[in-house]
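Welcome! Take a moment with the sequence and the 3D view, and then let us walk through them together.

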Amino acid sequence: MMILKVAVAAPVYSIFDYLPPVDCAPGRLISGIRLRVPFGRGERCGVLLQVTTDSQLQASRLKRVREVLDEQALFGAEDIALLRWAADYYHYPLGEVIAGALPARLRKCAKEQKGGLSGWRLTALGSAVDPAALRRAPRQAEVMRLLMQSPAGLSPQDITLYCGACAQVLRNLERRGWLEQFEFQSVNRAHVAPSSATAPDLNADQRLAVDRILASLSGFASYLLDGVTGSGKTEVYLELVKKVVALGGQVLVLTPEIGLTPQLLQRFQSRLQISIAVMHSGLAEGEREQVWRRARLAHARVLIGTRSAVFVPMPELRLILVDEEHDLSFKQQDGFRYSARDVAVVRARRCNCPVVLGSATPSLESLKNALDGRYLHLRLPQRAGGAAPPRIELLDIRSTHLEAGMSPVLTRLLEVELSAGNQVLLFLNRRGYAPILTCHDCGWLAQCERCDARMTLHLSDNLLSCHHCGGQRRVDRYCPECGGKELRALGQGTERLEETLRARFPGVGLVRIDRDATRRRGTLEKLLGEIKEGKHSLLLGTQMLAKGHHFPDVTLVGIVDLDQALFGADFRAGERMAQLIVQVAGRAGRAEKPGRVIIQTRHPEHPLMQTLLCSGYAAFASESLRERQLALLPPYCFQALLRAEAQHRAPALVFLQQCVELGVSLKVTDVELWGPVSAPMERRAGRYRFQLLLQSDRRSALQEFLAEWIPRIAALKSARRVRWSVDVDPQEML
Ligand code: ADP
Ligand code: ZN
Ligand code: ZN
C-alpha cells in the first residue's frame, strides 16, 4: 500500500499521512509536488515529502488526496532537505515553513502559471558569434542571424515563423550559451538598460579574495569578506558571479534591504549581460511568482533578493553571496524566526558550494567563526580607487544650545560644505517630528494606550503614531489631563530636522529619506536617483540612508544624535552602535573628495566609542568579543527565547512557569533556564509579554533540549490561552 507523507500548512509539528487519489498513476507522485488534501473540515494545499508503505495509523483511518496539483516537482530533494533542516533548527512547523517558501498563490491550490518564459534572445557570448562561421550548422546560423537582427528578442512563435519548427535548435544554442530565454514582460520594476560599463582592474587584495574563492568552487567553503566601506567588495562579487555564471551555475545574492536591491541590480546589470532576477517584499504577488519560477527553472542565472530569497529553489546553484552579513534584517522577527544568513551557510554546505559573507562591520558571530577557522577570513583593508578613509570626530554637545538637535558647530560645517558645492548627509535614526508630546502645565505625556511606549508626533499628517504597534490617533489640541493649551513637542525626528534645515538653508536641494517619506512604491528609487544626479545637496535620513549606498559627492556626514544608541538594554547595543557609525561614516568621501564625519554626543568619553574611533572596528570587535567571552554571552554560548503574550499577565506567566517545570523535569544538565521575566517592553499592542531565556555552551545540547521540550509545551493546556513562540539565536530581546 502506498502512503503519502504530506506537509500541510498548519500550526502543528506533525506530518500527515494520506492515501493516493484513486486512479492516480504512481509515476506522478514525486516528492516536491503539491497536493490538494482534505484537512479538518476543509481542504488545504500540502507538499508531498515522501512516498512510503507504512503509517502509524490504520489504513481505514487515512484520507485520500483529492488532487495532484503539479506535473513537476516545485521543490527538489535538496530544497526540501533545507526546509526540513530549517524547520527542525528553528522549531517551527514544517508545513508552514514550506508554505512560506511558496509564492502566495501556490500556497492555495492554484495551478502554476504556464508560459511567460517565452522570449529568446542572444547572450553576450552569442552576440560575439559570427553566423558565417557556422557553416556546418546552417539551421543554427539561420536562428542566430535572425536574433542578431532582433536585439530585443523574439517569441518562439516568431522564430518558427521565420525559421520553421526549431525547438531543438534553440535548445542546442542555449546549451552553447549563445541564447537565453527571458520574460518579455520585464519583472524588474527598477529595470535598467544594460550599458557598456567596464570593470576596473582588481587590486591585489580583491584579486587574492577572488582567487581564493574561485579555487574552491567545487565544494563547500565559507568566507568572511571583511572589507572596509568602499574597498570594492561589490567588485569582488561581480567577478565571482561572472565566473560562476560562465561555468553554467546559478548565483544567489542576499541583500538586507529593499532599498539596496535596485542599486545592486543596476550594478550587476550594467556589467553582466545575463538574466538577473530580483525578489523582495516590494514586488506584487504575480511578479514574485514569476521571479520564483524563473529561478526554479534556472532561467534566471542570478537571483538578487532579500531574506526570503534564501529558500527559492535554484537547481544549479553554485555560489551564495550575503552582502552586509551583519545586518539585522536577515533575521525574521516574527512567525518563522530564521536567520537568512545562517540558512545561507547551511544551504551552501548542502549544495556543496561556497558562500561569501561580506561586510565592512562583520557581526561578532561571523568574526568568531573566522577566528575559529570555520570561515576563511579575507580582508580588504583599503578603499579601492584611492579614496581616503573618512576622518571621524566626536563633537561634545554638553551645555551647547541646539536647534532641532543641531549644534552651531555642525551647522557651520554644513554651511561651508554646501557653499563649496558639496553634498552633506545628516543621519538621525528617528522618524517623525518629535518623539515626545507633553503638556507644559502638568507634565502629561502622550502615551500609547496599548504599549508601554510614547507616541511619536508626526506633524505632516497631524497624527500621533506609535512606532511599536502602529496605532495612530489625532494630535490632542488640549491636554487630556488638565485641559492646558500648551502642548509641546520635545526632541527631534527627521521631520523636524527637515523643517529647521529648510528654513535655515532656503534654496538648497534637500531630500529626506525615511520610512514615511518613501512609503509609496518606487519613491526610494526615484529619490536615490535624484541624489545621484546631484539634485540635492542636503541628504537627511534614518538608517535607510546609511546602508550600502554610494554617494560620491558627500564630503561631510553628521550623526545628529548618537546617545540614544549608546545605552540600549541589549548586550548587542554596542555592536550595533559601532556598525551603524562605521556604515554611516562610510558614506563620506567615497570618491576623490575626502570625507569628514562629525558625531554629536554628550558622552565623548564612552570607552567603546573611544576604542572604535581611535583603533577602528576590528579593534572594537576583538575587545567586544573578549567581553562577551568573559560574560559568557553569544557567540560564546547559544541562546533561545521562549516568548509568551496574552491580554492579561496571569495566563502568560502561568504558561511560562509550567514550561520551566516541564524543562526541569527533563533533567537536562547543560541547558540553563532563566525566567520568566517580563519583556523589555512588557505591554505591547495591548498584550502583556514575558519570556524565558535558555542558554547553553553547546548548540547541540540546546537543540536536543528544545526538540524534547517544545512538543511537550505545545501540548500544555495553558499554551492555548497565550500566543507563544520560540526564537532560536535571538538577535533582539524586545
Ligand atoms: P564596497 O562594496 O566594498 O562598498 P564598491 O565595490 O562599491 O565597494 O567600490 C567602491 C568604489 O570603488 C566604486 O566606485 C568602485 O567602482 C570602485 N572600485 C572598486 N574596485 C576598484 C578597483 N579595483 N579599481 C578602481 N576602482 C575600484
Ligand atoms: Zn496638562
Ligand atoms: Zn503602541
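Are α1 and α11 oblique, or are they parallel to each other? Helix α1 (residues 77-90) and helix α11 (residues 340-351) pack at about 140 degrees, and their axes lie 10 Å apart. The two are therefore oblique to each other. Here is the convention: angles under 35 degrees count as roughly parallel, over 145 as roughly antiparallel, 65 to 115 as roughly perpendicular, and the rest as oblique. Axes are lines fitted to C-alpha atoms, for helices over the stretch in contact, and angles run from 0 to 180 degrees between N-to-C directions. Helices (H or I, at least four residues) and strands (E, at least two) are DSSP runs, numbered from the N terminus.

A word on what you are viewing: this is a predicted model, in which local features need pLDDT of at least 70 and side-chain atom pairs count only at pLDDT 80 or more, while totals for chains, interfaces and linings use all residues. Residues are numbered from 1 along each chain as its sequence is written, chains are lettered from A and ligands numbered from 1 in the order in which they are written, and side-chain values use heavy atoms, with hydrogens and water left out.

Back to our helix pair. α1 passes α11 in a right-handed crossing (left-handed if the near helix is turned anticlockwise from the far one by less than a right angle, right-handed if clockwise). On the α1 side you will find Glu78, Asp79, Ala81, Leu82, Trp85 and Tyr90, which meet Asp342, Val343, Val346, Arg347 and Arg350 of α11; contact means heavy atoms within 4.5 Å. The residues of this contact divide into six nonpolar, no polar and five charged. In this count Ala, Val, Leu, Ile, Met, Phe, Trp, Tyr, Cys and Pro are nonpolar, Asp, Glu, Lys and Arg are charged, and the others, Gly among them, are polar.

Next, look at α7 (residues 204-214) and α8 (residues 233-246), which pack at about 35 degrees with axes 10 Å apart. Their crossing is right-handed. From α7 come Gln206, Arg207, Val210, Ile213 and Leu214, and from α8 come Glu235, Val236, Glu239, Leu240 and Lys243. That contact has five nonpolar, one polar and four charged residues.

Now for the metals. The zinc ion (ligand 2) is held by the SG atoms of Cys439, Cys442, Cys479 and Cys482, at 2.2 to 2.3 Å. Donors are N, O and S atoms within 2.8 Å of the metal (3.2 Å for Na, K and Ca); water is not among the atoms, so sites may look incomplete. Angles of 106 to 113 degrees among the four donor atoms make the site of ligand 2 tetrahedral (four donors count as tetrahedral if all angles lie between 85 and 135 degrees). Along the chain, the donors of ligand 2 follow the spacing C-x2-C-x36-C-x2-C. Cys439 in strand β18 and Cys482 in the loop between β21 and β22 are 43 residues apart, a pair linking distant parts of the chain.

The zinc ion (ligand 3) is coordinated through SG by Cys448, Cys451, Cys466 and Cys469, at 2.2 to 2.4 Å. The site of ligand 3 is tetrahedral, with angles of 105 to 113 degrees, and its donor residues are spaced C-x2-C-x14-C-x2-C.

Further along, α18 (residues 573-585) and α19 (residues 607-615) pack at about 35 degrees, with axes 11 Å apart. Gly574, Met577, Ala578, Ile581 and Val582 of α18 touch Leu608, Met609 and Leu612 of α19. By class, this contact has seven nonpolar, one polar and no charged residues.

Finally, some backbone details. The peptide bond from Pro634 to Pro635 is cis, with omega near 5 degrees, and Pro635 is in the loop between α20 and β27.

Technical notes: Four donors count as tetrahedral if all angles lie between 85 and 135 degrees; four count as square planar and six as octahedral if opposite donors are over 155 degrees apart and all others between 65 and 115; anything else is irregular.
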